[in-house]
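Biologist: Could you take one part of this predicted model and go through it closely for me? I would like a connected account that starts from the pocket.

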Amino acid sequence: PNGCHSLAKDSDCLCLNQNNDSKRVYDASGRLMIESGPIYECNFKCPCPKTCPNRVVQRGRTVKLKIVYFNDTKGWGVLAGQDI
């Protein structure tokens, strides 16, 4: 096997096996499926392709976000610049 769960069995992916219970952490749309814990994405050390579904953060933002300062009480926050 080539080590990537996008082309092989999940149990063959070295990066995925580092996640909690060796489970996928993203669904097919790239949304998180876990509540907490560290997330290990496939990376340059992994033989998987850049299209691997375990490479979500590396692809950057897919929606517009705005970082805004509300006031001294609330502080900084993030707003979506489009419907999510």
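**The largest pocket and selected side chains**

Modeller: In this predicted model, the residues that line the largest pocket divide into nine nonpolar, four polar and four charged. That lining is made up of 17 residues, and those that lie nearest the centre of the pocket are Ser29, Gly30, Arg31, Val56 and Thr62. The space in this largest pocket comes to about 450 Å³.

Turning to a single side chain, Asn54 is found in the segment before strand 1, which covers 65-71. With a relative accessibility of 2%, Asn54 counts as buried, because that value is under the 20% cut-off. The side chain of Asn54 reaches the backbone oxygen of Tyr40, at a distance of 3.1 Å.

The aromatic rings can be taken next. A search of the whole structure gives one aromatic pair, and this pair is formed by Tyr69 and Trp76, with 5.1 Å from centre to centre and 65° between the planes, an edge-to-face arrangement.

Terms used
Residues are numbered from 1 along each chain as its sequence is written. This is a predicted model: local features need pLDDT of at least 70, side-chain atom pairs count only at pLDDT 80 or more; totals for chains, interfaces and linings use all residues. Side-chain values use heavy atoms; hydrogens and water are left out. Rings of Phe, Tyr and Trp (its six-membered ring) pair if their centres lie within 6.5 Å; planes under 30 degrees apart count as stacked, over 60 as edge-to-face and the rest as tilted. On a 1 Å grid over the protein atoms alone, a cavity is a set of points where a 1.4 Å probe fits but cannot get out, and a pocket is an open set with protein on both sides within 12 Å along at least five of seven lines; lining residues have an atom within 4 Å of a point. Grid points are joined across faces, edges and corners, and a volume is the space filled by probe spheres set on the points. Ala, Val, Leu, Ile, Met, Phe, Trp, Tyr, Cys and Pro count as nonpolar, Asp, Glu, Lys and Arg as charged, and the others, Gly among them, as polar. Helices (H or I, at least four residues) and strands (E, at least two) are DSSP runs, numbered from the N terminus. Buried means under 20% relative accessible area, exposed over 50%, partly exposed in between (1.4 Å probe, protein chains only). A polar contact is a pair of N or O atoms within 3.5 Å; within protein, one must be able to donate a hydrogen and the other to accept it, and residues adjacent in sequence count only if both atoms are side-chain atoms.
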